[in-house]
Amino acid sequence: MATSLICRETQSRVSSTLNRDAKQFGKKYMFDSNEETCWNSDQGENQWVALEFPKNVKMSELKVQFQGGFSGRTCRLEGCVGGGEFTALSQFYPEDNNSLQISFVLLFRICHNDHMEYSFPIQEVPAVSRLKIVFEDSSDFFGRIVVYSLDILGERAS
């Protein structure tokens, strides 16, 4: 069964933070389960979030919740094992809205707790120790990305 792969030992990095104000818009807010807080990137192309796991993982789902108007339109999932170079694993195309979006092999929509959840297809990903989500294109004219929630589900590889 897939469980969250993000734990205390998972290290995260981001491309930028709005006005370098990590206290108000820092990366930690993507993982705090608080609907009032978020990571807000600064402007520019190819914003990204990188995660380094304590052990190799086999990802099966990606969950992301953007602020509508500040979503990634064209996104690339990259991965690597150890200190190797990141390689492209999959492209995905989330919706530009405020809903929780979940990756699945098949594209469909489900309703959960009176909130619409959207899903997008993603290719099967090999076991990796590091993942990087690159937001190649933003719905914001200035290239900013706002993420309220991010989670990676799957299994720890043996």
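**Notes on the fold**

1. Of the contacts between residues at least 6 apart in sequence, 72% join residues at least 24 apart; contact here means heavy atoms within 4.5 Å. This is a predicted model, where local features need pLDDT of at least 70, side-chain atom pairs count only at pLDDT 80 or more, and totals for chains, interfaces and linings use all residues. Residues are numbered from 1 along each chain as its sequence is written, and side-chain values use heavy atoms, with hydrogens and water left out.

2. Helices (H or I, at least four residues) and strands (E, at least two) are DSSP runs, numbered from the N terminus.

3. Of the 158 residues in the chain, 44% are buried, that is, under 20% relative accessible area with a 1.4 Å probe, protein chains only.

4. The largest nonpolar core has 25 residues, and Phe 135, Val 147 and Ile 152 have the most contacts inside it. Such a core is a set of buried Ala, Val, Leu, Ile, Met, Phe, Trp, Tyr and Cys residues joined through side-chain atoms within 4.5 Å. Strands β4, β5, β6, β10 and β11 each supply at least two residues of this core, and the largest share, eight residues, comes from β4.

5. Do follow Phe 135 in the viewer: leaving aside residues up to four places away in sequence, Phe 135 touches residues including Trp 39, Trp 48, Phe 66, Ile 145 and Val 147.

Conventions:
Buried < 20%, exposed > 50% of the residue type's maximum accessible area, 1.4 Å probe, protein only.
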